[in-house]
Structure formats: C-alpha cells, structure tokens
Amino acid sequence: MAGRKDGARPAQVTGADGTTWAQELLDHLRPTGRDIRRVAAWLADAVHGTACLQDDTGSLLAGTPTPLDEGLVADIVSGRIASAAWDDEGRHLRLVRVELPQPASAGVLVVSRTEPFDRRASDIVTHTAQVVELLLRAHESSMAGRRLQRATSDLRLAILQLLMVEDTISARRVAAGLWPGLLDTDTACVYVLEASAQDRDRIAEECLDATDEQALVVRCPAVDAHVIVVAPHDAAAAELRLLVGRRPGTFLGGSAPQSLVRTATGYGQAVSALAVARFRPDKQAVYAERTHPERLMDPAVLHGWTTEVLRPLDTLAHHTRAELLATTRLGLEFTAVNAAKVLGVSRNTVRARMERVEGLLRADFSDLPARAVVHLAINARVGLPEEPHETGPVDTAGTTDTADPRLGDLMAGPALRTWAHDLLGRLESDARDLRRTLRTWIAAGGNAERAAHLLGVHAQTVREHVRSAEPVLERQLLASGTDLYEVVLAHLALGDLDQPDLNRTNRDHPGSPVHK
C-alpha cells in the first residue's frame, strides 16, 4: 500500500498517451452532462474496471460498491492521507479523497481493476476526482439557489395570503424586509396571467423582470396555470400587457384599482376579466366597472342592515371575527378547495369556519339566495364607511326607517328594481325561456338534476340553458362568485325568489346580542 499527502496534480488538457479521454471527461462539465453517476460509469469504462463514490459514512453516492478496508477509508476521509494505492489478491485499487459540499465532509472515489494502474489510468483517476468535486459543488450551489428561490416564492405567497384576509399591516411588515416600499401604497390592481402549467415558472420570472420586482408576483396556489400579480403602479400593468402580447397562449385579466384591504375583491375581478380575455384577439381584459346592486341601495340602510346581519359575530374576539369573515368571503367566492389553497389552510379548516358562520348567522349556505345575501353583507362591510350619514326613511313602496333595516327594505328601491328588470329582461328574447330555467336552477341551489326534475327536462338541458344565459347577462353563472350572486339579487329584487330573512332569524336567535 502506498499513500501521499500532496493532493491531486493539476489537470491536463489531453491524456499522457495522446488519447482523447481528457476531452471526454471535460464534457461531463457541460450543463447537459453534470451527473456524478454518469461520471462514475465513464470512469469505470475508461480504466476497464469498476468505480464508485461513497461518503464518510460509507453510503454509496454513485457507481458499483467495492469491498474496502475501513481503516484505510477512515484515514482518507479524515484527511490524514489524500490518496492510496492498494494491491490485494488480483485486485488493484486507487482511492482518492473527494471534498463534499457539506462543511468538514469528505468522501472517497474508489477505482478497482484487474490490471496494475499505468500512467494513463492513474491520470484518469486523479483528474476524475477533481471533476467530481466540481460537479458536487455546482450541484450544491444550484440546490442552494433553488432553496432560496423557493423560500422567496413562499414568502411572496405568505404576503398575498395576508392581503387576502385583509391583514395589510402584517403584509407590509413581511414585505418590508426584502422588498422595501413594495406595499407602500393605498391602492393596487390585481392581475392574473394564464399560461400552460409547464410555462408558469418561466412566466412568473418574466413578470418579476418586467415589473422590476416592484410588484407582488405569486404562483397561484389554487390553479397551476395561473400567476397572480398585485401591482401598485400603472407602469407594471403596461409591462404585463407587453409580456402577454409577445407570448402565444398567454392571457391576462386585470381588476379595477382596489384598496389593499380589498385584494380578495380585486382577485375575483381579475379572474372574471380573465374569462373575457380568453375570447379577445389581444388576449387581455380589464374588469369593467359595471353597476353593482349594492351601489343602488341607500348607504345608510345598507350599513344598518349589514350591521344587523353580522351582529352575531360581534361577540367573538376581533381576530377570530376577522378570520371567519375573511375565510367566508373567499369561501363564497370560490370553492372550499381553492379558498383553502389561497389562504394556506386545509379545506376542512375552510369548511369548519364557514359552518361556524352559518351557525352564528342561522344561514344555510347550500341555499343560493342565502349565500348571495351573506356575500352582500360581508362585502358591504368592507366597502362602506364605518358610519354613513343617516338619510332617513327610504322612499319606496314599503317605507321604512333605517333603525330597523330588513332585506326587503334594500330590495324595494326603484333604482335596484329597474336594474334587476333590465338585467333579467335580456333573457326574454330567447324562445327557450332561459329566465324560467335560471330561476328554477337558482331555487334548486344550483343543482341541475333537481332543477331538471322540477322543470320536467333533462339535466343537460338545464346546464345548456344556464350556460347560454352567461354571455347574455355578461356574467359567469356556473362558477360560484360575485357574478352569480348579483343575478340572484336581481331575482330577489323582483320577487322572483323568496328572500332569506336573516335579520329576523338573528334577532330571534337566543345567542344574539340583540336578544340579550
């Protein structure tokens, strides 16, 4: 046995015998060839023997395992000797110390053959050890970069999740550490880019470059093909449009400007706009500010009614109340599964929180009118000032005072009824009586089978009618969300559906503060 302490010799560009093995070895440093298992296989073939790489615990990292003297291996990995040659029973071995990326860690490159090692074979082993070290360092560097990238991506998602639950203070604190000034704004637009799932990572990186990291870019946790961008500046929006314009198969939907506390609303608007963008030549659309039913209601009456509906939640701790409201708001807008992914919790957690709200409000979320009414109350709570000016009695067919607001008071205003009549009236021109099908489908909780039974038609006919109503009403109906709830409110305003009287239910509820 022979050993040395002087380390490996400098690498040569060509082999000592004029062969091309050196070039072949260097080829393993190319981006397409960086694999220590392939290097070990090449080394074994080059020296006409076997080769393996093991760490300081004896675990095999690459190649074919070879029986070794444990004491000799320990001397090499400890650094007492750098390499060794061992001839035993027709086997000729070369052992070379290889530095591993982990601190104070080393492994052993072992080469065995039946013939004695000549100059060529010795050179191949020595230089291969150097290449292996380079590959291991490059792999560790790449892994560290990916870990940093993943941690940064997770941090961006955490900020978005805080914005989704209206915790803007915490979101700003988290963002300030890595991206100072990112959320130093009162309003922002939310954009959703859609591409193939395979291209999403590349799209996200291009969004970061296009916005100069002055926007919050998040890979959507709910939809694999989506990238979410919260952009405080108009310049970012222009860059995103240019990005979509030069990438085939990519679509962009944007929201109207929203306060940061209404990021969830902006996200819903961006998703709605994305549905429109898929049918536009330029592949992009911004949410069109249309007349929403709550804007046609008396602000004071709406505020009073909202306060009354949500009063059972006032007994809860502030953070619990905020958590339940934020979760319910997203849960009503999207599926429980998608809401859970956006919030970073389990779907069972989303359902449990919504069931708790159901119990407190004495509402049935399987009933579409009840969902629409609670959705109206929760969104009105965010959109209205804390204490609107009193406007006195509402001049409607059923004159009422704001001190005792009811859902009927909100639905009875002439402006709201006119809007509802105009909206649903668009369906009258279709000979299939889409309006009757839609009304029955809503009353059946959005269940096509139950609606088909009531109408005496096939369930597929119901689905086709509802789908046909979507472009006429310019709203998505088959997907739960704001569009559907506005159509439900239109039916309630015209008396086409029974109103869920949450006010009365809560007032009679023994656990309600009003009852107490």
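Visitor: Where is the place of Glu474?

Guide: Glu474 sits in the loop between helix H18 (459–473) and H19. Bear in mind that this is a predicted model.

Visitor: Is Glu474 buried or exposed?

Guide: Glu474 counts as exposed, because its relative accessibility is 57% and the cut-off for exposed is over 50%.

Visitor: And what is phi of Glu474 near?

Guide: Phi of Glu474 is near 60 degrees, which is a positive value in a residue other than glycine. Arg362 is another such case, with phi near 55 degrees.

Visitor: Where does Arg362 lie?

Guide: Arg362 is in the loop between H12 and helix H13 (368–383). With 43% relative accessibility, Arg362 counts as partly exposed.

Visitor: How many residues apart along the chain are Arg426 and Leu473?

Guide: They are 47 residues apart along the chain, and their C-alpha atoms are separated by 7.0 Å. As for accessibility, Arg426 is partly exposed at 35%.

Visitor: You mentioned H15 and H19. At what angle do their axes cross?

Guide: The axes of helix H15 (residues 414–425) and helix H19 (residues 482–493) cross at roughly 115 degrees and come within 9 Å. The crossing is left-handed.

Visitor: Which residues meet there?

Guide: From H15 you have Leu416, Arg417, Trp419, Ala420, Leu423 and Leu424, and from H19 they meet Glu486, Val487, Ala490, His491 and Ala493. By class, that contact has eight nonpolar, one polar and two charged residues.

Visitor: Now the cores. Which residues touch the most other members in the largest nonpolar core?

Guide: Trp305 and Met411 do, in a core of 92 residues. Beyond four places in sequence, Met411 touches Met297, Leu416, Arg417, Leu489, Leu492, Ala493 and Gln499. Another core, of 28 residues, lies apart from the largest one, and its members include Leu109, Phe117, Ala121 and Val125.

Visitor: Let's switch to H11. Which of its residues are buried?

Guide: In helix H11 (residues 336–343), the buried residues are Ala336, Ala339, Ala340, Val342 and Leu343. They sit on the same side of H11, because they cover an arc of only 165 degrees around the axis.

Visitor: Why would residues three or four places apart point the same way?

Guide: An α-helix has 3.6 residues a turn, so residues with that spacing point the same way.

Visitor: What covers the buried residues of H11?

Guide: The cover includes helix H4 (119–164), helix H10 (318–333) and helix H12 (347–361).

Visitor: And which residue follows H11?

Guide: Gly344 follows H11, and its phi is positive, near 80 degrees.

Visitor: Now a strand. Where is Tyr191 found?

Guide: Tyr191 is in strand E7 (residues 187–194), and it is buried, with a relative accessible area of 5%.

Visitor: What does Tyr191 touch beyond four places in sequence?

Guide: Its contacts include Val227, Ile228, Val229, Leu240, Leu252 and Ala270. The C-alpha atoms of Tyr191 and Val229 are separated by 5.0 Å, with the two residues 38 residues apart along the chain.

Visitor: What about Ser112, is it buried or exposed?

Guide: Ser112 is buried, at a relative accessible area of 8%. Ser112 lies in strand E6 (residues 106–113). Leaving aside neighbours within four places in sequence, Ser112 is in contact with Gly49, Thr50, Thr66, Arg91, His92 and Leu93.

Visitor: One more residue: which helix is Thr265 found in?

Guide: Thr265 is in helix H8 (residues 263–277). Thr265 counts as buried because its relative accessibility is 13%, and beyond four places in sequence it touches Gln258, Arg329 and Asn379.

Visitor: Finally, how many helices and strands does the protein chain have?

Guide: The chain comes to 20 helices and twelve strands. Of its 516 residues, 50% count as buried. Among contacts with a separation of 6 or more, 64% are between residues 24 or more positions apart.

Technical notes: Residues are numbered from 1 along each chain as its sequence is written. This is a predicted model: local features need pLDDT of at least 70, side-chain atom pairs count only at pLDDT 80 or more; totals for chains, interfaces and linings use all residues. Side-chain values use heavy atoms; hydrogens and water are left out. Buried means under 20% relative accessible area, exposed over 50%, partly exposed in between (1.4 Å probe, protein chains only). Helices (H or I, at least four residues) and strands (E, at least two) are DSSP runs, numbered from the N terminus. The arc is that of the directions from the helix axis to the C-beta atoms. Contact means heavy atoms within 4.5 Å. Axes are lines fitted to C-alpha atoms, for helices over the stretch in contact, and angles run from 0 to 180 degrees between N-to-C directions. A crossing is left-handed if the near helix is turned anticlockwise from the far one by less than a right angle, and right-handed if clockwise. Ala, Val, Leu, Ile, Met, Phe, Trp, Tyr, Cys and Pro count as nonpolar, Asp, Glu, Lys and Arg as charged, and the others, Gly among them, as polar. A nonpolar core is a set of buried Ala, Val, Leu, Ile, Met, Phe, Trp, Tyr and Cys residues joined through side-chain atoms within 4.5 Å.
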